[in-house]
Amino acid sequence: MEEALISTRRIKVERVSVTSRKSLQEVLSKFDAALGHPNIEEFWKHVAAAKTNSEMENVVQSALGPSGFMEFARFDHGGVVHKGQSGNHAKVFRLVIGNPLIMREMVKHVPDAGSYAPVTILIDERPDGVHLSYDRMESFLAPYEDAEALGVAKGLDAKVEALLASAAA
């Protein structure tokens, strides 16, 4: 039996954080308005059933919200962290959002990009406000030194950061 080849790559991640004075509910409401919210099981069935690239693109486009992103999952970390505790505790949400068409363009050039897309947005309450945090895709892909993937990643980062700023405003 052959041994597996194990390699390690160091990745320096850049985190963007925007702090809002709005309530957590206001920030989440703005996110909800900007994102598409497809039934994710049905979405993947439609993607699998698409016979052509054009059909697949139409399925994806119909699932996207005004921001050009859709929500894949939402985790209520605060509900888990503070389960069974009394009192009013800070809320923490992790949103997994993205656009499969953007992911496809990055993965074409750097297969490992699939480990980072769709992206994660962390939205949490802290004493100084609601924080919206995102780890830049460009920083994840920089070690791979692929100009085309980095170009797509920069565009993705700009779109995500605009969404964070809009939701925080």
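Modeller: Buried means under 20% relative accessible area, exposed means over 50%, and partly exposed lies in between, with a 1.4 Å probe and protein chains only. This is a predicted model: local features need pLDDT of at least 70, side-chain atom pairs count only at pLDDT 80 or more, and totals for chains, interfaces and linings use all residues. Residues are numbered from 1 along each chain as its sequence is written, and side-chain values use heavy atoms, without hydrogens and water.

Now the rings. Rings of Phe, Tyr and Trp (its six-membered ring) pair if their centres lie within 6.5 Å; planes under 30 degrees apart are stacked, over 60 edge-to-face, the rest tilted. That rule gives three aromatic pairs. One of them joins Phe-43 and Trp-44, edge-to-face, with 4.9 Å centre to centre and 70° between the planes. Phe-43 is buried, because its relative accessibility is 3%. Trp-44 has a relative accessible area of 43%, so it is partly exposed.

Trp-44 also pairs with Phe-72: the centres are 6.1 Å apart and the planes at 25°, so this pair is stacked. It links distant parts of the chain, 28 residues apart: Trp-44 is in helix H2 (residues 40-49) and Phe-72 in strand S2 (residues 70-76). Helices (H or I, at least four residues) and strands (E, at least two) are DSSP runs, numbered from the N terminus. Phe-72 counts as buried, because its relative accessibility is 18%.
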